Number of protein chains: 2
Amino acid sequence: MRQESKIIDTCPIQGVIDIISKKWAILIVAVLGNRSAMRYNDILNELKGISPKTLADTLKQLHGSGIISRQSFNEIPPRVEYSLTRDGEKLRDAIIPVVNWAVDRSSHKDCIILQSVLRGR
Amino acid sequence: MRQESKIIDTCPIQGVIDIISKKWAILIVAVLGNRSAMRYNDILNELKGISPKTLADTLKQLHGSGIISRQSFNEIPPRVEYSLTRDGEKLRDAIIPVVNWAVDRSSHKDCIILQSVLRGR
DNA sequence: CGGCATCCGAGAAGATACTG
DNA sequence: CAGTATCTTCTCGGATGCCG
């Protein structure tokens, strides 16, 4: 954020906004929250529509924010697994009310991602 | 969204993301949730750093999404009051866990907006 | 396989000035 | 007072291609 603003810059909520306002971040947290670990291409396939770059960018940012952890194995072929950190799991729990709110407003209640998130409860 | 994607387009969560991913939307919901009604310049002053255009745009979008209501009075000087709809209040309640999560992660827990939101509980 | 580098376009956000 | 109008800047997300 370029702009200086007391109320914003000093506000913890800004950090969250920077995270969840990324288009795919919530979805990634959602799908990751479902399994103990997922590989790059697993996520790529699950989130049909996301580009590799955007996924990589978002994963990097989430990792930097401590939401997800990244473990790479020195294997051939290479393997990298992503999973939620404890903090990430808390985030996933925290967004559930928002997801529920979204479901109530929506006409079509069927959604793979959504079911995934809610199943976690 | 330009991109076609089964999993996303048919997912109710996408609507939420479109709303809360706007940088200022959550903040506006937060500050509005605090008072019964607020005028344009009240919000503008409270959210130091937002430009009139951005505020107008965001208010318009939130209004279109049914999150906030807009009531204008035929007076001189003109008066327009914004407030949360019932749905908006639900959204505000729903984001509280996320806000709390943000507070736990943050080092500086003091935040006007934040206190505002949490006070509503 | 799991990415990173590069380039590009669209839209969000900002600054400033102006109006009904 | 409550916005518009305009112009600019910036970031995001997508496409493609290369590499260890």
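This is a predicted model: local features need pLDDT of at least 70, side-chain atom pairs count only at pLDDT 80 or more; totals for chains, interfaces and linings use all residues.
From the N terminus on, the elements of chain A follow the order α-α-α-β-α-α-β-β-α-α. This amounts to seven helices and three strands in chain A.

## Chain A

Chain A has 121 residues, of which 44% are buried. Among the contacts in chain A with a separation of 6 or more, 46% are between residues 24 or more positions apart.

The three strands of chain A form an open sheet in the order S1-S3-S2, with antiparallel pairing. Strand S1 (38-39) and strand S2 (68-73) of chain A each have a single partner strand and stand at the edges, so one side of each is left without a neighbour in the sheet. Helix H5(A) packs on this sheet and touches S2 and S3 of chain A, and its direction makes about 115° with that of S2(A).

The pairing can be followed strand by strand. S2(A) and strand S3 (residues 79-84) of chain A run antiparallel and are joined by six bridges. Within this pair, A:Phe73 stands opposite A:Arg79 in S3(A), and A:Gln71 has A:Glu81 in S3(A) as its bridge partner. S1(A) also pairs with S3(A) in the antiparallel sense, over two bridges. In that pairing, A:Met38 is placed opposite A:Tyr82 of S3(A). In general, the strands of a sheet pair through backbone hydrogen bonds, in either a parallel or an antiparallel manner.

A hairpin of five residues joins S2(A) to S3(A). The loop between S2 and S3 of chain A contains A:Pro77. The peptide bond that leads from A:Ile76 to A:Pro77 is cis, with omega near 0°. Most peptide bonds are trans.

## Chain B

Chain B also contains an open sheet of three strands, with the order S1-S3-S2 and antiparallel pairing. Its edge strands are strand S1 (38-39) and strand S2 (68-73) of chain B, each of which pairs on one side only. Helix H5(B) packs on the sheet of chain B, where it touches S2 and S3, and its direction makes about 115° with that of S2(B).

S2(B) and S3(B) run antiparallel and are joined by six bridges. One residue pair in this arrangement is B:Gln71 with its bridge partner B:Glu81 in S3(B). In the loop between S2 and S3 of chain B lies B:Pro77, and the peptide bond joining B:Ile76 and B:Pro77 is cis, with omega about 0°.

Helix H2 (residues 13-20) of chain B is largely enclosed by the rest of the structure, because six of its eight residues are buried. The buried residues of H2(B) are B:Ile13, B:Gln14, B:Val16, B:Ile17, B:Ile19 and B:Ile20.

Of the atoms of DNA strand D that come within 4 Å of the protein, 73% belong to sugar and phosphate.

| Residue | Part of the residue | Distance to a phosphate oxygen of DNA strand D |
|---|---|---|
| A:Trp24 | N or O atom in the side chain | 3.3 Å |
| A:Thr54 | N or O atom in the side chain | 3.3 Å |
| B:Asn41 | polar backbone atom | 3.3 Å |

Several elements give two or more residues to the surface near DNA strand D: helix H5 (52-64) of chain A, and helix H4 (40-46), helix H5 (52-64) and strand S3 (79-84) of chain B. H5(B) gives the most, with four residues. H5(B) is also the helix that packs on the sheet of chain B. Likewise, H5(A) gives two or more residues to this surface and packs on the sheet of chain A.

By residue type, the surface near DNA strand D comprises nine nonpolar, five polar and nine charged residues.

Methods:
Residues are numbered from 1 along each chain as its sequence is written. Chains are lettered from A and ligands numbered from 1 in the order in which they are written. Side-chain values use heavy atoms; hydrogens and water are left out. A residue is near a molecule or strand if one of its heavy atoms lies within 4 Å of it. A polar contact is a pair of N or O atoms within 3.5 Å; within protein, one must be able to donate a hydrogen and the other to accept it, and residues adjacent in sequence count only if both atoms are side-chain atoms. Ala, Val, Leu, Ile, Met, Phe, Trp, Tyr, Cys and Pro count as nonpolar, Asp, Glu, Lys and Arg as charged, and the others, Gly among them, as polar. Two strands pair if DSSP finds at least two bridges between them. Contact means heavy atoms within 4.5 Å. Axes are lines fitted to C-alpha atoms, for helices over the stretch in contact, and angles run from 0 to 180 degrees between N-to-C directions. Buried means under 20% relative accessible area, exposed over 50%, partly exposed in between (1.4 Å probe, protein chains only).
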